[in-house]
Amino acid sequence: MFDLLTSAEQIEELARVTRYPRIRERLVPALAGRLINDLRAVAVVVDDLPTLAVCVDPYDNYLLAMASAGAADFLVTGDKRDLLGLNLYQGTKIVTVREFLALNKRLP
C-alpha cells in the first residue's frame with residue numbers, strides 16, 4: 001500500500017501538458033480534466049514546497065521538493081536525463097515505473 005503524493009505545481013504542469021496538440025490527439029479535454037480532478041481526489045497534496053536548485057533542469061526541482069516535503073520513499077519518473085541520474089535525493093529513491101512495480105510485487 002502506498003500514498004500518491006502530488007502538489008499544486010504538478011497539477012498545474014499536468015493541466016498545461018494535456019493541452020499540447022500531440023497529447024490532445026490521444027486524450028480528449030474532458031478526459032484530461034477528469035484525470036486531473038481524480039488526481040486531486042485520490043492523492044495527498046503536499047503544500048509549502050521548499051525552494052531547491054538541485055536538478056540541471058530547473059523545472060524538475062519541484063518534484064524533488066515535493067518528494068522531500070512529503071517524506072516520499074520513491075519518486076517515480078521517466079526523466080532519464082535528469083532525475084533518474086540522481087538515483088537518490090534526501091532518502092527518496094528515484095525509480096522508473098517498471099522498477100517501482102517490480103519493487104511493489106516483492107513487498108508483503
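Is Thr6 buried or exposed, and at what relative accessibility?

## A residue in strand S1

Thr6 has 0% relative accessibility and therefore counts as buried; buried means under 20% relative accessible area, exposed over 50%, and partly exposed in between, with a 1.4 Å probe and protein chains only. Thr6 lies in strand S1, which covers residues 5-6.

Apart from neighbours within four places in sequence, Thr6 is in contact with Ile11, Leu39, Ala43, Val44, Val45, Val46 and Met66. Contact means heavy atoms within 4.5 Å.

## Basis of the model

The model is predicted: local features need pLDDT of at least 70 and side-chain atom pairs count only at pLDDT 80 or more, while totals for chains, interfaces and linings use all residues. Residues are numbered from 1 along each chain as its sequence is written, and side-chain values use heavy atoms, with hydrogens and water left out.

## Secondary structure

The protein chain has six helices and five strands, in the order β-α-α-α-β-α-β-α-β-β-α from the N terminus. Helices (H or I, at least four residues) and strands (E, at least two) are DSSP runs, numbered from the N terminus.

## Overall form

Along its principal axes, the C-alpha trace spans about 35 × 35 × 25 Å.

Buried residues make up 31% of the 108 residues.
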